[in-house]
Amino acid sequence: MKVETKVGLLSVVAVVLIFVFAYLVGLVSPFSDSYDLNVMYNYAGGIEQGSPVRVMGIKVGKVKSITFVPDFKMSGNGEEVKLQVKISVEKRAWPSIRQDSRFFINLAGVIGEKFLEISPGSLDQAEFKNGDTLRGEDPPRIDQLISQSYGLAGKMIELVNKNEGSVSSMISQLDKLVTNFNKTLVLLEKTSKNKEMGRLVDNFIKVSDDLVYLTAGLRSKKAEESYDLIHKLLFRLEPLDGPAIRKFLQQEGIKAKIL
Amino acid sequence: MTTKQLIQNPFAFIGVLLIHTCRDARAFLTLVVQTLFQLVTHLPRKKETIQQLYFVANGSLWTIIFCVCFAAVVTMLESSFHMKLVIQNDSMVPGFASLLILRELGAIVTALLLTSRIGAGMAAEIGSMKVTEQIDALKMLGINPIRFLIVPRLIASTIGCVLLSIIANLVCIFAAMIVADQFLGYSNGMFLTAMRRFVDFQDIIFASIKAFCFGFVIPLVSCYFGFNCRTGADGVGRATTQSVVFASVAIIVLDFVLSYTFSYFY
């Protein structure tokens, strides 16, 4: 073989190896079959270009690019979302992602690697189209949460320090209250075991039984008829005044001493 | 000044050292400028360049592949050992070991091996030509020795170093993959996933830029010592040794400068 051929062969091998490397790191992927999705966030919690995309914990793609879009509004509700994360998802996982899927940003691994987790959607929902834009779930701001709870703790400490006397007296009073309550409970327990008390309760039960019988009698049909009769009688007696009653009694020849 | 006088007067010793260093640096820079001038103004000698490229690249290929394979094995096993010692987990080893290979190991091992092989060869070759007055003969014939001798070597070494470093990097990564599979229990898929987490395409570009710079330095240093070779077999041996030492030091320093510069791009 000629020297030129050997040198040329080596150069070709090197160039081929560069392409192999580009394929290995995922820069060129001629055999890949994946779709793209644009996920919108207002806070992306430190996700980076090249971070993995997972569906049900399985890696199916990566974050292709992150762009700032200051004037973007969601088509549905007009919400302003300013960060566009473009992700690629392999075709094999595509049917699992539906319109009701949710797009979280999660943290995993020893070094705290960030990844984009997609929750599987329900079957009755439609699939996405290639290049669709959708809203992701903003991850919680841990830093904000910590600073807020720090502030709250500070305020609580300040409050306690300012009202040290009243807080301690409140605590002692609470303590007394609990002690008294405890005593009351003990007394109640003792009372429930007392004989006299038992008799009292028995009598009370009997009285209530009698009352039940009485009220049942008052509600019987006979009693209702009696109420009607009384009502009618009263209705008839209503127009009668004193002289009319006297005249009636005189006509009847009855002299009542009481009148 | 004689050696005795120099030892008696330390200031004179420092002064002489400084003057010699400045003189050598000036001579080296002159050679570099002349070489670049010849490189730009004249077309290189094609046949000689290809011959030199064959000598540099094809001739060193198997040595370099053999050495970087072992370097990869050691890197993987050592990284795993250290990570297990520190955090009881070596799942990140494939990732950062491949990054280490690409950022440092591939290019520098290639360059140092090339220095010891072709750097020494060039210094010895040009040194013997100088001793046997062949360079003077070239001048007599009206041929510029820099254009005739250094430029083809410079082009061949630069291209060869880049080609070899690409091959070395990839071979190193494949060797690391095999080690991870056989000794650490990480399958090829896991290795590639972990690698992708850290490694980007720019890494091989940076490695190639490094190799380009190393390949540029080796023939210049070697040819400088060859051209300034003292007479006699002793002079040639001395020139060869000095060329290997200086080229190695230059490569290490240059590696630091380039690594520091590239770290701004991450």
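This is a predicted model: local features need pLDDT of at least 70, side-chain atom pairs count only at pLDDT 80 or more; totals for chains, interfaces and linings use all residues.
Biologist: How are two packed helices described?

Modeller: Two packed helices are described by the angle between their axes and the distance between those axes. Take H6(B), residues 145-184, and H8(B), residues 201-227: their axes come within 8 Å and cross at roughly 145 degrees. The crossing of H6(B) past H8(B) is right-handed.

Biologist: Which residues of H6(B) and H8(B) make the contact?

Modeller: On H6(B) they include Leu149(B), Arg153(B), Gly160(B) and Asn169(B). On H8(B), Ile204(B), Phe212(B), Pro219(B) and Cys223(B) are among them. Sorted by class, the residues of this contact are 16 nonpolar, seven polar and one charged.

Biologist: At what angle do the axes of H3(B) and H4(B) cross?

Modeller: Roughly 145 degrees, with the axes of H3(B), residues 46-87, and H4(B) coming within 8 Å. H3(B) passes H4(B) in a right-handed crossing. Their contact has 19 nonpolar, seven polar and one charged residues.

Biologist: Where is the kink in H4(B) centred?

Modeller: On Ile101(B), within a helix that covers residues 93-131; the kink is about 50 degrees. Just after H4(B) comes Glu133(B), which has a positive phi of about 60 degrees.

Biologist: How many residues of chain A are in contact with chain B?

Modeller: There are 20, and they touch 22 residues of chain B. Helix H1 of chain A, residues 3-24, gives the most to chain A's side, with 14 residues. That side of chain A has 15 nonpolar, two polar and three charged residues.

Note on methods
Residues are numbered from 1 along each chain as its sequence is written. Chains are lettered from A and ligands numbered from 1 in the order in which they are written. The bend at a residue is the angle between axes fitted to the seven residues ending there and the seven starting there. Helices (H or I, at least four residues) and strands (E, at least two) are DSSP runs, numbered from the N terminus. Two residues are in contact if their C-beta atoms, placed from the backbone, lie within 7 Å. Ala, Val, Leu, Ile, Met, Phe, Trp, Tyr, Cys and Pro count as nonpolar, Asp, Glu, Lys and Arg as charged, and the others, Gly among them, as polar. Axes are lines fitted to C-alpha atoms, for helices over the stretch in contact, and angles run from 0 to 180 degrees between N-to-C directions. A crossing is left-handed if the near helix is turned anticlockwise from the far one by less than a right angle, and right-handed if clockwise.
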